[in-house]
Amino acid sequence: MSTFDKREVAFENRFAHDEEILFKALARAKYMLGIWAAEQLHKSVEAAANYAQALVANDIASPAANCALAEIHKDFMAAGVAQSEHQIARHYEEFRVLALQQLTRA
């Protein structure tokens, strides 16, 4: 294997690793957002975990962007929780940064 081939393989491996970390970070951020949203909806601890897991699973299964955020907003509107889409997105961004920090330190 030539030096160029080794370098190409190294870049491909790095890209795959970075994409895996990003996927895990986004899933973790959506889970944290789900827990936060469940607290706003006054769900029990077990119901909060189930709610967050369902959000992550639905978001992975759905090709639409920000499916979880729209679902949370819909649930907030139904429950009378005063949070705008922008506020929910801001919380998601905070959780996304935190999740990336957690995964890159590990």
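## The loop between α3 and α4

Q83 lies in the loop between α3 and α4, in a predicted model for which local features need pLDDT of at least 70 and side-chain atom pairs count only at pLDDT 80 or more, while totals for chains, interfaces and linings use all residues. Residues are numbered from 1 along each chain as its sequence is written, and side-chain values use heavy atoms, with hydrogens and water left out. Helices here are DSSP runs (H or I, at least four residues), numbered from the N terminus.

With a relative accessibility of 17%, Q83 counts as buried, a term that stands for under 20% relative accessible area, whereas exposed means over 50% and partly exposed lies in between (1.4 Å probe, protein chains only). Neighbours within four places in sequence aside, Q83 is in contact with W36, H73, F76, I88 and H91, where contact means heavy atoms within 4.5 Å.

## The aromatic pair

Two further partners of Q83, W36 and F76, are both buried. A search of the whole structure finds one aromatic pair. The rings of W36 and F76 have their centres 5.7 Å apart and their planes at 65 degrees, so this pair is edge-to-face. By the definition used, rings of Phe, Tyr and Trp (its six-membered ring) pair if their centres lie within 6.5 Å, and planes under 30 degrees apart count as stacked, over 60 as edge-to-face and the rest as tilted. Because W36 lies in helix α1 (residues 3-40) and F76 in helix α3 (residues 67-79), the pair ties together parts that are 40 residues apart in sequence.

## Packing against α4

The axes of α3 and helix α4 (residues 85-105) come within 10 Å and cross at roughly 130 degrees, the axes being lines fitted to C-alpha atoms over the stretch in contact, with angles running from 0 to 180 degrees between N-to-C directions. The two helices are therefore oblique to each other; angles under 35 degrees count as roughly parallel, over 145 as roughly antiparallel, 65 to 115 as roughly perpendicular and the rest as oblique. On the α3 side the contact is made by L69, I72, H73 and F76, and on the α4 side by E85, I88, A89 and Y92. By class, this contact of α3 with α4 has six nonpolar, one polar and one charged residues, with Ala, Val, Leu, Ile, Met, Phe, Trp, Tyr, Cys and Pro taken as nonpolar, Asp, Glu, Lys and Arg as charged, and the others, Gly among them, as polar.

For α1 and α4, the axes come within 8 Å and cross at roughly 130 degrees, which makes α1 oblique to α4. The residues that make this contact include L33 and W36 of α1 and I88, H91 and Y92 of α4. They divide into 14 nonpolar, three polar and four charged residues.

## Packing of α2 on α3

The axes of helix α2 (residues 45-61) and α3 come within 8 Å and cross at roughly 135 degrees, and α2 and α3 are therefore oblique to each other. Here Y51, L55 and D59 in α2 meet C67, A68, E71, I72 and D75 in α3, and the residues of this contact divide into five nonpolar, no polar and three charged.
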